[in-house]
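Work through the exercises below with the sequence and the 3D view open. Each task is followed by a solution in steps.

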Amino acid sequence: MRKDVRILLVGEPKVGKTSLIMSLVSEEFPEVVPYRAEEITIPADVTPERVPTHIVDYSEAEQTDEQLFQEISKANVICIVYSVNNKKSIEKVTSHWIPLITENTDKDSRVPLILVGNKSDLVEHSSMETILPIMNQYSEIETCVECSAKNLKNISELFYYAQKAVLHPTGPLYCPEKKDMKPLCVKALTRIFKVSDLDNDGILNDNELNFFQRTCFNTPLESQALEDVKNVVRKNLTDGVCDNGLTLKGFLFLHTLFIQRGRHETTWTVLRRFGYDDDLELNQDYLFPPLKIPPDCTTELNHNAYLFLQGVFDKHDKDRDCALSPEELSDLFDVFPYMPWGPDVNNTVCTNDQGWITYQGYLSQWTLTTYLDVQRCLEYLGYLGYSIIAEQESQAAGITVTRDKKIDLQKKQTQRSVFRCNVFGDVGSGKSGFLQAFLGLNLMRQNMIREEHRSYYAISTTYVYGQEKYLLLHEVFPDFDYLSDADLACDIVCLVYDVSNPYSFEYCAKVFKQYFMDSKIPCMMIAAKSDLPEIKQLYGCSPLEFCRRHKMPPPQSFTCNTADAPSRDIYIKLTTMAMYPYV
């Protein structure tokens with residue numbers, strides 16, 4: 001919401017612009033009226049919306065056209081004042097003032113207009129009959145207020161409506177010509193409905209409506225009030241209420257009704273509570289709350305965030321098979337502006353026999369995103385409405401920032417749940433097979449993966465001394481001259497060589513000597529493709545001797561060319577070494 005409101009009053013001379021301002025400030029009609037009132041600021045604590053409001057007067061006698069154009073460009077809302085007993089001042093609204101304002105404002109950011117009929121104390125009839133066709137012709141006109149500066153009639157209301165036109169504008173929400181909500185507003189409210197539909201059955205039951213009401217307005221609805229709301233929908237829509245709950249159509253109808261009845265603030269309160277700005281885009285402050293991450297610290301989801309994500313999974317796993325079909329996954333991400341997970345995700349986490357992401361795989365992917373790109377995780381949690389549904393201040397409340405790794409090493413213990421293993425090896429050494437085997441895929445199933453859907457990450461859970469931990473494997477591109485800090489930052493290093501290729505081990509030895517020989521990161525040598533005949537490595541010493549010299553465990557034989565899922569023992573060893581690097 002805006003931090004302040006700037007209201008400009010324009011109109012023909014002698015229509016009472018200055019008198020209106022002075023009557024508002026002094027609460028009495030001024031005996032002497034200057035050509036122009038000084039700009040006044042009404043403090044936030046005395047305005048209904050708690051926003052400072054600046055009121056600016058215009059005088060043709062005292063100001064140049066250039067000064068007027070500048071004020072028009074600075075204004076958030078413009079009140080065009082006419083005198084109800086002066087036909088010429090009414091005609092000038094359309095012949096002069098609206099065209100002038102249109103010429104001097106940005107076409108993309110339409111400034112709301114309020115028509116103000118002053119001097120209503122001088123006539124017994126209303127000017128509304130003349131004004132209504134003008135209001136229908138110009139969609140930027142928010143409302144018309146008839147008032148009297150002399151007897152103080154509707155003065156405070158006029159400025160309240162002007163403030164409301166800025167803070168709760170009709171323009172982004174509603175199209176008067178079509179008498180319907182605009183597509184962006186429908187899209188935003190549809191997301192809000194889906195986030196609020198906690199059991200994903202397509203209706204908001206009484207409990208969900210009450211939670212929604214408390215979330216947006218800090219007060220539940222009485223049961224009779226709930227019934228009254230549903231009855232209004234029932235009278236106007238055949239499919240607005242189903243099984244005594246509000247459907248999406250009913251929810252959208254209610255908001256259309258609020259807007260048509262001038263209660264835009266109700267819809268705006270809902271939109272802003274769910275993170276939307278004045279352009280109906282999700283606010284950057286909402287999507288990316290501040291989160292400080294010191295060096296050598298990592299980011300993980302905490303217990304509350306996992307509980308929330310489990311709830312999201314459960315509500316979309318319609319067939320209760322503990323996996324998300326493509327349709328279920330698409331439904332889950334329907335509240336996102338784009339599909340966040342590509343086909344590579346199905347080769348990054350565990351899937352079922354149909355290739356669908358399992359419950360474990362789903363949580364693993366969230367864990368991976370949190371670890372590698374916490375800002376993206378915050379954004380995704382924002383789309384799902386984490387802070388609202390979990391009743392937290394922001395998505396940042398769902399993130400644990402681990403302590404500095406150096407402290408873990410000093411204290412010889414860690415509270416981390418996610419451990420990163422960077423996998424090095426020459427081209428064709430079996431790195432990709434090693435990653436996919438962690439997800440339970442043997443060589444035959446791996447050969448079915450399309451090249452463009454390959455992933456350089458694999459993440460799943462392992463158990464170390466009864467504790468569930470996540471092991472994140474990252475295949476490092478084998479370009480020896482270009483290893484970045486990210487390639488080297490990890491909890492354990494895996495060096496993979498092909499036992500059937502005599503030149504394969506040399507790459508592992510070089511990487512170890514250049515980057516890891518003097519580091520404190522534990523390393524493990526993997527003798528991959530162990531189902532093939534082992535050929536002597538053309539290097540100065542054997543892999544076993546190399547490991548002995550450098551105080552590493554002996555090379556671990558590994559193959560993914562198995563009838564069933566490959567053994568997971570090696571991954572438990574890697575996680576254990578990552579957890580206890582000092583042992």
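The model is predicted.

**Exercise 1.** List the residues that Val423 contacts, leaving aside neighbours within four places in sequence, and decide whether Val423 is buried or exposed.

Solution. 
- Step 1. Locate the residue: Val423 belongs to strand β16, which covers residues 418-425.
- Step 2. Once neighbours within four places are set aside, Val423 is in contact with Lys431, Phe434, Leu435, Leu473, His474, Glu475, Val476, Cys494 and Val496.
- Step 3. The relative accessible area of Val423 is 0%. Buried means under 20%, so Val423 counts as buried.
- Step 4. For a distance, take Glu452, 29 residues away along the chain: its C-alpha atom and that of Val423 are separated by 20 Å.

**Exercise 2.** Do the corresponding analysis for Asp498.

Solution. 
- Step 1. Asp498 is found in strand β19, residues 492-498.
- Step 2. With a relative accessible area of 6%, Asp498 is buried.
- Step 3. Beyond four places in sequence, the contacts of Asp498 are Gly428, Ser429, Ser504, Ala528, Lys529 and Gln537.

**Exercise 3.** Describe the open sheet of six strands and find which strands stand at its edges.

Solution. 
- Step 1. Write down the strand order, β2-β3-β1-β4-β5-β6; the pairing is mixed.
- Step 2. β2 (40-42) and β6 (141-146) each have a single partner strand, so one side of each has no neighbour in the sheet, and these two stand at the edges.
- Step 3. On average, and ignoring direction, neighbouring strands of the sheet are turned by 20° against each other.
- Step 4. Look at one pair: β5 (residues 113-118) and β6 run in the parallel sense, with five bridges. Within this pair, Ile114 has Thr143 of β6 as its bridge partner.
- Step 5. α3 (residues 87-103) lies across β1 (5-11), β4 (77-83), β5 and β6, at about 155° to β4. α4 (residues 128-137) also packs on the sheet, where it touches β4, β5 and β6, and its direction makes about 170° with that of β6.

**Exercise 4.** Which residues touch the most other members of the largest nonpolar core?

Solution. 
- Step 1. The largest nonpolar core has 69 residues, and Tyr362 and Trp366 touch the most other members.
- Step 2. Helix α9 (residues 248-260) supplies the largest share of this core, seven residues.
- Step 3. Not counting residues up to four places away, Trp366 touches Leu301, Leu309, Trp341, Cys377, Tyr380, Leu381 and Leu384.
- Step 4. As background, nonpolar side chains in soluble globular proteins tend to be buried together.

Terms used. Residues numbered from 1 in each chain as written. Predicted model: local features only at pLDDT ≥ 70, side-chain atom pairs only at ≥ 80, totals over all residues. Heavy atoms only, no water. Helix = DSSP H or I, 4+ residues; strand = E, 2+ residues; numbered from the N terminus. Buried < 20%, exposed > 50% of the residue type's maximum accessible area, 1.4 Å probe, protein only. Contact = heavy atoms within 4.5 Å. Core = buried A, V, L, I, M, F, W, Y, C linked by side-chain atoms within 4.5 Å. Pairing = 2+ DSSP bridges. Axes fitted to C-alpha atoms, helices over the stretch in contact; angles between N-to-C directions.
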